[in-house]
Amino acid sequence: MQREIKQIFYGEPVHEGAGVKLHRAFGYFEASLFDPFLMLDDFRSDDPEDYLKGFPWHPHRGIETITYLLKGDVEHGDSLGNKAVTGAGSVQWMTAGSGIIHQEMPKGNENGSMHGFQLWANLSSENKMIDPEYREIPAKDIPVIERADGTRIKIIAGEVDETKGPAKGIGIDPEYLDVTVPAGLEFIYPTKRGYTAFIYVTAGSGTINGREVENRSLVLFDDGDELAVNAGTSPLSFLLLTGKPINEMIYWRGPIVMHTAEELEKAFQEYEEGTFIKHPKPQGL
């Protein structure tokens with residue numbers, strides 16, 4: 001059974017952090033439709049004024065953040081003591097769990113370009129307070145396969161044609177693919193029944209079930225065994241995401257997403273009181 005289109009989203013411009021200009025593909029108001037995913041931000045820009053103010057130190061609890069870069073560098077630091085510069089083609093996969101405080105400072109590349117995406121994934125109530133973890137996945141560790149018809153698939157998470165991606169989520173069994181389909185070809189991809197599935201177009205144009213899609217179109221699918229995407233007169237590139245729904249209540253304010261209103265209030269109270277971090281602080285912090 002092929003998945004039909006449930007809804008197409010076109011997102012909206014937003015400002016986050018210290019004034020970073022983003023395009024939010026979906027977020028707070030649509031989160032129930034995308035379970036287990038919470039938000040997808042597109043921060044592709046060729047103007048440093050759009051992103052250099054960055055995201056100074058801020059907390060997270062109860063979620064995972066997944067940052068995938070196409071161009072430019074991002075400097076990362078966190079309360080676990082991690083310091084890293086993530087470059088083009090690489091991924092940061094951060095499990096906030098019980099609480100982490102971090103900063104993300106985009107630097108761009110030599111041409112002033114900063115292109116990437118940040119996805120938030122929810123954690124189930126039983127995993128909200130697990131130990132935080134930061135994983136830096138360099139581009140060289142992310143496999144890319146090319147099929148006989150020229151379709152190119154970068155596998156960040158999941159398995160395609162017996163090739164596995166390096167990233168794993170907590171309890172949501174995610175797939176995260178970056179796909180480019182040659183002009184005029186159809187891409188058919190099997191999906192697990194009951195899982196949420198969507199694509200986000202990043203270049204080119206094409207059709208899905210007869211509906212036209214182009215850059216920054218997000219297509220959320222109904223349930224089914226497979227999905228189909230047709231490239232138009234030029235190659236079509238898109239992110240493909242699937243995940244196992246958690247089916248739990250969401251209480252969300254800013255960078256913290258919990259299972260109950262009481263948990264959410266407690267998180268902010270602990271942040272104000274200085275007891276937010278549950279993991280041992282590295283020496284010097």
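How many aromatic pairs does the structure hold? The count is 14. This is a predicted model, so please keep that in mind throughout.

I will start with one of those pairs. Phe9 and Phe34 have ring centres 5.3 Å apart, and their planes meet at 55°, so the pair is classed as tilted. Phe9 has a relative accessible area of 9%, so Phe9 is buried. For Phe34 the value is 0%, and Phe34 is buried too.

A second pair has another geometry. Tyr271 and Phe276 sit edge-to-face, with 5.6 Å from centre to centre and 80° between the planes. Tyr271, at 34% relative accessibility, is partly exposed, whereas Phe276, at 2%, is buried.

Back to Phe9 and Phe34. Together with Phe26, Phe37 and Phe198 they make up one aromatic cluster.

That brings us to the nonpolar packing. Which residues touch the most other members of the largest nonpolar core? They are Phe37, Leu40, Tyr176, Phe198 and Leu218, in a core of 27 residues. Strand β11, residues 115-122, supplies the largest share of this core, three residues. There is also a second, separate core, with 24 residues, including Ile8, Val201, Val219 and Phe221.

Phe198 is worth a slide of its own. Setting aside neighbours within four places in sequence, the contacts of Phe198 include the phenylalanines Phe26, Phe34, Phe37 and Phe221. Also on the list are Leu40, Leu119, the run Leu218, Val219 and Leu220, and finally Leu239, Leu240 and Leu241.

Next slide: helix α2, residues 261-273.

The buried residues of α2 are Leu264, Ala267, Phe268 and Glu270. They cover an arc of only 160° around the axis, so they lie on the same side of α2. The face turned away from that buried side carries Glu262, Glu272 and Glu273, which are exposed. What covers the buried residues includes β25, residues 251-253, and β26, residues 256-258. Arg253 places its charged end over the ring of Phe268, 4.4 Å from the ring centre. Just after α2 comes Gly274, with a positive phi of about 85°.

Glu12 is in strand β2, residues 12-16. Its relative accessible area is 48%, so Glu12 is partly exposed. Glu12 and His23 are 11 residues apart along the chain, with their C-alpha atoms separated by 5.5 Å. Beyond neighbours within four places in sequence, Glu12 is in contact with Leu22, His23 and Arg24.

The other one is Glu175, in strand β17, residues 175-181. Is Glu175 buried or exposed? At 13% relative accessibility it counts as buried, because the cut-off is under 20%. Outside four places in sequence, Glu175 contacts Ala157, Gly158, Glu159, Tyr189, Leu240, Leu241 and Thr242.

Last slide: the backbone. Most residues other than glycine have a negative phi, and most peptide bonds are trans. Where is there a cis peptide bond? One joins Asp35 and Pro36, with omega at about 15°. Pro36 lies in the loop between α1 and β4, residues 37-42.

Glu162 has a phi of about 65° and lies in the loop between β15, residues 159-160, and β16, residues 163-164. Glu162 has a relative accessible area of 75%, so it is exposed. Asp173 has a phi of about 45° and is in the loop between β16 and β17. At 36% relative accessibility, Asp173 is partly exposed.

That is what I have. I can go back to any slide.

Terms used
Residues are numbered from 1 along each chain as its sequence is written. This is a predicted model: local features need pLDDT of at least 70, side-chain atom pairs count only at pLDDT 80 or more; totals for chains, interfaces and linings use all residues. Side-chain values use heavy atoms; hydrogens and water are left out. A nonpolar core is a set of buried Ala, Val, Leu, Ile, Met, Phe, Trp, Tyr and Cys residues joined through side-chain atoms within 4.5 Å. Buried means under 20% relative accessible area, exposed over 50%, partly exposed in between (1.4 Å probe, protein chains only). Helices (H or I, at least four residues) and strands (E, at least two) are DSSP runs, numbered from the N terminus. Contact means heavy atoms within 4.5 Å. Rings of Phe, Tyr and Trp (its six-membered ring) pair if their centres lie within 6.5 Å; planes under 30 degrees apart count as stacked, over 60 as edge-to-face and the rest as tilted. A charge sits over a ring if NZ of Lys or CZ of Arg is within 6 Å of the ring centre and within 35 degrees of the ring normal. The arc is that of the directions from the helix axis to the C-beta atoms.
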